[in-house]
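Subject: Handover of a model, with notes on what it contains

Dear colleague,

Please read them with the coordinates open.

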Amino acid sequence: MGVMSLPAIDLDYCKKVLVDLLNIPSPTGFTDWAVRHVAGELETLGVTSRRTHKGALLWTLRGGAAPARAVTTHIDTLGAMVKEVKSNGRLKLTNLGGYDWATVEGEYARLHTLSGDTLSGTVVNTKQSTHVHGSELRTLKRSDDTIELRLDARVHNAADVRALGVEVGDFVSWDSRATLTDHGFVKGRHLDNKASVAIALAATKAICEAGLTPASDVHFFVSNYEEVGHGAAAGIPDVDELLCIDMAAVGDGQTSDEYSVSLCVKDSSGPYDYEMNRALRRLASAHGIDLKVDIYPHYGSDASAAWAAGGSFRAALIGPGVDASHAYERTHERALAATSKLLCAYCLNAASY
């Protein structure tokens, strides 16, 4: 494989878009605001996008004669819905996505009413005060029955809450608290998977502004139901390959770190395509991109969902290393840059199987 120059990645743009997205609520099922923001970014870049009936977003970079490919990311995040308006004015919640309630205890939240109002609140447990409950707090199991939302409103009972327009089924989003640090870190909730959406936009910007032509038509697909397992189960165009970009989990026993792009060769759904994985490793090597190879036993992706739904294409999974996944997450700009470069290399080079 001959080494070709890759377009310059506007890392400042990538980080700005990422922080903007992190600050837009988009729990699974409540993603329209965030999807419209991505569509607006594309319009600024001169790229036309369209929505699927399911609410996902699609755009295409036209390319050469090689078989068409798709790149998928997801915009939906963890969150909750109101399960019950309790008699004491607190709200019982049901979670959206797979996470432990302990990871959001104490987090600031926003409740989104059907009328479009937003109410602030805090996630607390039913025995939150140490001065009242003492040791009970330390032994309390965090669950649907012991975690509740405390609204920042003067409410004493269910009637007071309903008078604010709050009802069962209202969506609740966690505040990201997105932060850029002086040492190049980006931290906040929902880097999974808004980091990858920002990467897809940054790669699109780089290719378009450099006037480069991909090796084939590349269809970018931003799904909106990944966190509940069926995001890319429908809507992927007719392609030969699907490259999923999602966060790479950092932790004990993993090779992934916060400074690299990771290639996941196997997750809970099984191994991804061997030949496509080999091609991605060759691309990273040819372009000097820092790539880690990893296996995630407690992980599934939009590529998993697309295959399970009958997708007849090769599939692979890459993404920036993210620490503390499904909690208060962190990555580094080096991982954003490495993933953006590998995505550009993938788009611009024909498959070599």
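The model is a predicted one, in which local features need pLDDT of at least 70 and side-chain atom pairs count only at pLDDT 80 or more, while totals for chains, interfaces and linings use all residues. Residues are numbered from 1 along each chain as its sequence is written, and side-chain values use heavy atoms, with hydrogens and water left out.

The pocket

The largest pocket has a volume of about 450 Å³, where a pocket is, on a 1 Å grid over the protein atoms alone, an open set of points where a 1.4 Å probe fits, with protein on both sides within 12 Å along at least five of seven lines. Grid points are joined across faces, edges and corners, and the volume is the space filled by probe spheres set on the points. Its lining consists of 24 residues, and M247, H298, Y299, G300 and H326 are the ones that lie nearest the centre; a lining residue has an atom within 4 Å of a point. The elements that give two or more residues to this lining are β14 (248-250) and α8 (302-308), helices (H or I, at least four residues) and strands (E, at least two) being DSSP runs numbered from the N terminus. By class, the lining of the largest pocket divides into nine nonpolar, ten polar and five charged residues.

H326 has its place in the loop between β18 (314-323) and β19 (329-332), and its phi is near 65 degrees, a positive value in a residue other than glycine. Most residues other than glycine have a negative phi, and most peptide bonds are trans.

The barrel

Six strands close into a barrel in the order β4-β5-β8-β7-β6-β9, with antiparallel pairing; two strands count as paired if DSSP finds at least two bridges between them. From one strand to the next the twist averages 40 degrees, with axes taken as lines fitted to C-alpha atoms and angles running from 0 to 180 degrees between N-to-C directions. Strand β4 (residues 79-85) pairs with strand β9 (residues 171-174) in the antiparallel sense over two bridges, and M81 stands opposite F171 in β9.

Strand β7 (residues 118-125) is mostly covered, with six of its eight residues buried, where buried means under 20% relative accessible area, exposed over 50% and partly exposed in between (1.4 Å probe, protein chains only). Five bridges join β7 to strand β6 (residues 108-112), and the two run antiparallel, with H112 standing opposite T118 in β7. These two strands form a hairpin with five residues between them, and G116 in the turn has a positive phi of about 100 degrees. With strand β8 (residues 147-151), β7 pairs in the antiparallel sense over five bridges, and the bridge partner of V123 in β8 is L149.

Parallel pairing

Strand β3 (residues 66-74) pairs in the parallel sense with strand β12 (residues 216-223) over seven bridges, and the bridge partner of T72 in β12 is F221. In the parallel sense, too, β3 pairs with strand β13 (residues 241-245), over four bridges, and there R69 stands opposite E241.

Helix α6 and its surroundings

Helix α6 (residues 191-209) has 19 residues and reaches 26 Å from its first C-alpha to its last, close to the 27 Å expected at 1.5 Å a residue, the expected span being 1.5 Å times one less than the number of residues. Of the 19 residues of α6, 17 are buried. A cis peptide bond with omega of about 10 degrees joins D192 and N193, and N193 lies in α6. H190, in the loop between β11 (185-188) and α6, has a phi near 80 degrees, which is a positive value in a residue other than glycine; H190 counts as buried because its relative accessibility is 7%. After α6 comes G211, whose phi is positive, near 70 degrees.

With kind regards

How values were computed:
Nonpolar A, V, L, I, M, F, W, Y, C, P; charged D, E, K, R; others polar.
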